[in-house]
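Please look over the model shown here before reading on.

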Amino acid sequence: MLPYGAQLDHPRFFGFVPSSPTWPGILADFLASGFNINTCSWLVSSGTSHLELVVIDWIRSWIGYPESAGGLMTSGGSAASVEAIVAAREAAGHPA
């Protein structure tokens with residue numbers, strides 16, 4: 001039975017999901033779950049969508065980009081990479 005158990009050290013084992021073993025981690029997970037707001041559009045949540053626009057405006061001014069620059073917050077590295085590739089393609093003059 002032991003050879004067929006979960007082999008956490010195998011490079012192709014992708015089923016391990018770590019927990020929050022410390023009280024700050026548990027509290028952070030609790031807060032994230034409670035405040036995980038769907039901000040996909042202005043109609044669904046105008047308050048958080050407006051907050052996103054304000055934060056993007058702050059970042060734009062810190063970097064020194066012009067007033068016409070904009071952007072959005074993404075959920076993670078993969079989504080950010082895809083959106084960066086699309087933005088670069090359109091900036092190069094090759095929209096799909």
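What follows is a set of questions and answers on this predicted model.

The model is predicted, and residues are numbered from 1 along each chain as its sequence is written, while local features need pLDDT of at least 70, side-chain atom pairs count only at pLDDT 80 or more, and totals for chains, interfaces and linings use all residues. Side-chain values use heavy atoms, with hydrogens and water left out.

Q: In what order do the elements of the chain run from the N terminus on?
A: Helices (H or I, at least four residues) and strands (E, at least two) are taken as DSSP runs, numbered from the N terminus. By that rule the chain has three helices and zero strands. From the N terminus on, the order is therefore α-α-α.

Q: Is Ser49 buried or exposed?
A: Buried stands for under 20% relative accessible area, exposed for over 50%, and partly exposed for what lies in between (1.4 Å probe, protein chains only). Of the 96 residues of the chain, 4% count as buried. Ser49, found in helix α2, has a relative accessible area of 7% and is therefore buried.

Q: What is the volume of the largest pocket?
A: On a 1 Å grid over the protein atoms alone, a pocket is an open set of points with protein on both sides within 12 Å along at least five of seven lines, and lining residues have an atom within 4 Å of a point. The lining has six nonpolar, two polar and one charged residues, and among the lining residues are Arg60, Ile63 and Tyr65. With the volume taken as the space filled by probe spheres set on the points, which are joined across faces, edges and corners, the largest pocket comes to about 230 Å³.

Q: How far apart in space are Ser49 and Met73, C-alpha to C-alpha?
A: Ser49 has its place in helix α2, and Met73 is one of the residues making a nonpolar surface patch. In sequence, Ser49 and Met73 are 24 residues apart. In space, C-alpha to C-alpha, the separation of Ser49 and Met73 is 9.9 Å.

Terms used. Patches are made of residues with over 30% relative accessible area and no salt bridge: like charges are joined within 9 Å, nonpolar side chains (Val, Leu, Ile, Met, Phe, Trp, Tyr) within 5 Å. Accessible areas come from the Shrake-Rupley method with a 1.4 Å probe; for residues, only the protein chains shown count as cover. A salt bridge is a side-chain nitrogen of Lys or Arg within 4 Å of a carboxyl oxygen of Asp or Glu. On a 1 Å grid over the protein atoms alone, a cavity is a set of points where a 1.4 Å probe fits but cannot get out, and a pocket is an open set with protein on both sides within 12 Å along at least five of seven lines; lining residues have an atom within 4 Å of a point. Ala, Val, Leu, Ile, Met, Phe, Trp, Tyr, Cys and Pro count as nonpolar, Asp, Glu, Lys and Arg as charged, and the others, Gly among them, as polar.
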